[in-house]
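Here is a short tour of one chain, meant to be read with the model open beside it. Please keep the viewer at hand and follow along.

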Amino acid sequence: MRPIQLIVLAALTVAPLTAQQQHPTAWDPAYLNRPDVRAALDHLERGFPKQVDEWIRIAQMPGKSGHEQQRAAYLRAEMEKAGLRVSSDSIGNVTGVRTGTGGGPTIVFAAHMDIVHSLATNTTVRRAGDTLHAPGIFDNSSSVANMLASIRALNAAKIVTKGDLVFVGTVQEELGLRGMAYWLAHNPKPDLLIAMDGGLGAVSYGALGIYWTRYRFKSAGSHTLRSRGQPTPVLAMADAVQRIYKLQPAPLPNGAVINVGQVHGGEIFNGIPQDLFFTVDLRSPDPVLLDSLDRMITRIAQEAATREKVLLVVEAEQKNGAGGTERMLAPARAHPLVQTAIDIQKQLNVDFGMPGAAEALATGSTDANIGVVMGIPSIAIGRSQGGDQHTLTEWAHWPSALQGTKLTLLLATTFGDGVKPVAPRFVP
Ligand SMILES: [Zn+2]
């Protein structure tokens, strides 16, 4: 959803390996010798050029949030060809179930299909050496292609799991995780949730809470010649914005950030405006801090409106809950899903040219957030390397998508029969 991995890479510190290894893991390197797992990985490698071609095709389909229909139809058709039990819901999510033999966990893999760019944006993919260039090429068409390749490799290697593997192409992730929220509200609670969304190397197990609120100030209005001494929403808004910026909570990652992103209103030169608004994008991983800041901002806006004798209307655009600070999320970090994903990444030798690139992050801004807040063991894993997300110069390093796909496949096979932590051992 948001280019968190760029911040993360800059802030990485190399934790001592011993400290990392205290976390329970289900990864056992000997697992790679299992013939069916080996066959699935070989299938991924052989099919990778075709996977990249498919990725490009998906990226060139329309994908603006709310307009994912062509991508959804494609995903649905390919899932049907792969023999999954496929369904679509009324918001537009596509779900394909690879049924297990029974008695295992239900694992959801979610890749959002939408992009932030308008339908008019040229999404023709340009390929230059190891990189692909196009708006939306990284976020998140890469994951949709990774998902399809993983399903086909599981089938080709005839891998059988006890648990159901549920593959979901979600919609409207970029509008506040709406598709995933809808899915989780209308389906039985899964045992594990893995969002495929983000730069390769980071494993997010937290949820950055995000509240978007519109503060609207209304007045009776008046001609400029009769405006002197009359209530004006301009002063209320100006006063409120000034005071909101003075709040200055502790910074992220454990504090909060507040941004006024939009200021609108006043169509007429020679009059008091009747309707103005500004928007607040408030984010924090700490649910208590998030709610207290939200209340404080609303109180500030109300005080400003009262003082200026104008009306305040508060419109909540989206409220995505916070998963908690690193300390609050200690139980989530202790679930083997997190360390297993990290250990697999290390095993796959993700090469960023820097040490410690596979890191667990107590934050996140993906479909996994909804699971984190619901208490479902949830992570977000990377798809490929890339950058400039949500811009017209977005790019992706295509060879690394093979690692992202192998990670997906190995998580499916490792947890498909149940969560079995093994004694932590050294992983190169
Ligand atoms: Zn995304």
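## Terms and ground rules

A residue is called buried if 20 or more other C-beta atoms lie within 10 Å of its own, exposed if 12 or fewer, and partly exposed in between, with C-beta atoms placed from the backbone. Helices (H or I, at least four residues) and strands (E, at least two) are DSSP runs, numbered from the N terminus.

This is a predicted model, in which local features need pLDDT of at least 70 and side-chain atom pairs count only at pLDDT 80 or more, while totals for chains, interfaces and linings use all residues. Residues are numbered from 1 along each chain as its sequence is written.

Let us begin with helix H6, residues 178-186. Its buried residues are Arg 178, Gly 179, Met 180, Ala 181, Trp 183 and Leu 184. They pack against strand E3 (107-112), strand E6 (165-170) and helix H11 (368-374); contact here means that two C-beta atoms, placed from the backbone, lie within 7 Å.

Leu 177 sits in the loop between E6 and H6. Its phi is positive, near 60 degrees, and it is not a glycine. Leu 177 counts as buried because it has 28 C-beta neighbours inside 10 Å.

## Two domains

The chain is divided into domain 1 (4-207 + 323-415) and domain 2 (209-320), with bounds that come from an automatic or database domain assignment. The centres of the two domains, taken over C-alpha atoms, are 37 Å apart.

At the contact between them, 11 residues of domain 1 meet 8 residues of domain 2. The domain 1 side of this contact is made up of 3 nonpolar, 7 polar and 1 charged residues. For this count, Ala, Val, Leu, Ile, Met, Phe, Trp, Tyr, Cys and Pro are nonpolar, Asp, Glu, Lys and Arg are charged, and the others, Gly among them, are polar.

## The largest nonpolar core

A nonpolar core is a set of buried Ala, Val, Leu, Ile, Met, Phe, Trp, Tyr and Cys residues joined through C-beta atoms within 7 Å. The largest one here has 107 residues, and those with the most contacts inside it are Phe 109, Ile 194, Val 203, Ala 341 and Ile 379. Domain 1 and domain 2 both give residues to this core, so it lies between them.

Which residues does Ile 194 touch? Leaving out residues up to four places away in sequence, Ile 194 touches Ile 107, Val 108, Phe 109, Ile 379, Ile 381 and Leu 411.

## A four-stranded open sheet

An open sheet of 4 strands runs in the order E4-E5-E18-E17, with antiparallel pairing; strands pair if DSSP finds at least two bridges between them. Its edge strands, each pairing on one side only, are E4 (126-128) and E17 (385-387).

E17 pairs with E18 (residues 395-397) in the antiparallel sense over 3 bridges, and Gly 387 stands opposite Trp 395 in E18. In the loop between E17 and E18 lies His 390, whose phi is positive at about 65 degrees although it is not a glycine. With 16 C-beta neighbours inside 10 Å, His 390 counts as partly exposed.

## Two cis peptide bonds

Most residues other than glycine have a negative phi, and most peptide bonds are trans. Asp 139 and Asn 140 are joined by a cis peptide bond with omega about 15 degrees. Asn 140 is in the loop between strand E5 (131-133) and helix H5 (141-156).

The peptide bond from Leu 252 to Pro 253 is also cis, with omega near 15 degrees. Pro 253 belongs to the loop between helix H7 (233-245) and strand E11 (257-265).
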